[in-house]
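Let's walk through this structure together, starting with charged side chains and then following the strands. Keep the sequence and the 3D view side by side as you read.

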Amino acid sequence: MPLYDYSCAQCGDFAAMRPMARWRDPAPCPECGAAAHRIVAGAPALGALSSAVRRAHAMNERNASEPRSTRGGHGMNCGCCGGTARSGGKTRRTADGGKTFADSRPWMIGH
């Protein structure tokens, strides 16, 4: 559930966790109980994410600007620096330019 900011006329600002479906509804003030209208003080915070999801988001942020590579300047399994050309794995090309995959499931798409 996201954390939204509200402002009570008597008590001041406070934050409350609310379902996304009720983001427009006023929230009761925790001190006086009066209906407080939502204010936009910042973006809603999603505090209910699991630690695994937070780690995945952090890893994606790191990898977006710094992709990991086994060789400096080249992608993984590039084959250009090894002296001998490497085979393309299980990918086979047909005469018309199509791809087939040896020993693979035909419904899977390779990357």
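**A walk through a predicted model**

Take a salt bridge to be a side-chain nitrogen of Lys or Arg within 4 Å of a carboxyl oxygen of Asp or Glu; by this rule the count comes to one salt bridge. Its partners are Asp25 and Arg22, whose closest N and O atoms are 3.5 Å apart. Side chains of opposite charge can pair when their charged atoms come close. How covered are the two residues? Let buried mean under 20% relative accessible area, exposed over 50%, and partly exposed in between (1.4 Å probe, protein chains only). Asp25 then counts as partly exposed, because its relative accessibility is 34%, and Arg22 is partly exposed too, with a relative accessible area of 40%.

Before going further, a word on what you are looking at. This is a predicted model, in which local features need pLDDT of at least 70 and side-chain atom pairs count only at pLDDT 80 or more, while totals for chains, interfaces and linings use all residues. Residues are numbered from 1 along each chain as its sequence is written, and side-chain values use heavy atoms, with hydrogens and water left out.

The pLDDT is the predictor's confidence in each residue, from 0 to 100. For this protein the mean is 75, and 59% of the residues reach 70 or more. Confidence is highest in strand β3 (residues 27-28), at a mean of 94, and lowest in strand β5 (residues 45-46), at 60. Where pLDDT is low, the predicted coordinates should not be read in detail.

Now for the overall layout. Helices (H or I, at least four residues) and strands (E, at least two) are DSSP runs, numbered from the N terminus. The protein has one helix and seven strands, and along the sequence they follow the pattern β-β-β-β-β-α-β-β. Of its 111 residues, 10% count as buried.

β1 and β2 form a hairpin with three residues between them, and they pair in the antiparallel sense over six bridges. β1 also pairs with strand β4 (residues 35-39), again antiparallel, over three bridges. Asp5 shows both pairings: this residue stands opposite Ala15 in β2 and opposite Ile39 in β4. As for its faces, β1 has Pro2, Tyr4, Tyr6 and Cys8 on the covered one, with Leu3, Asp5 and Ser7 on the uncovered one.

Finally, turn to strand β2 (residues 12-17), where Met17 lies. Why does Met17 count as partly exposed? Its relative accessibility is 47%, so Met17 falls in that class.

Methods
Two strands pair if DSSP finds at least two bridges between them.
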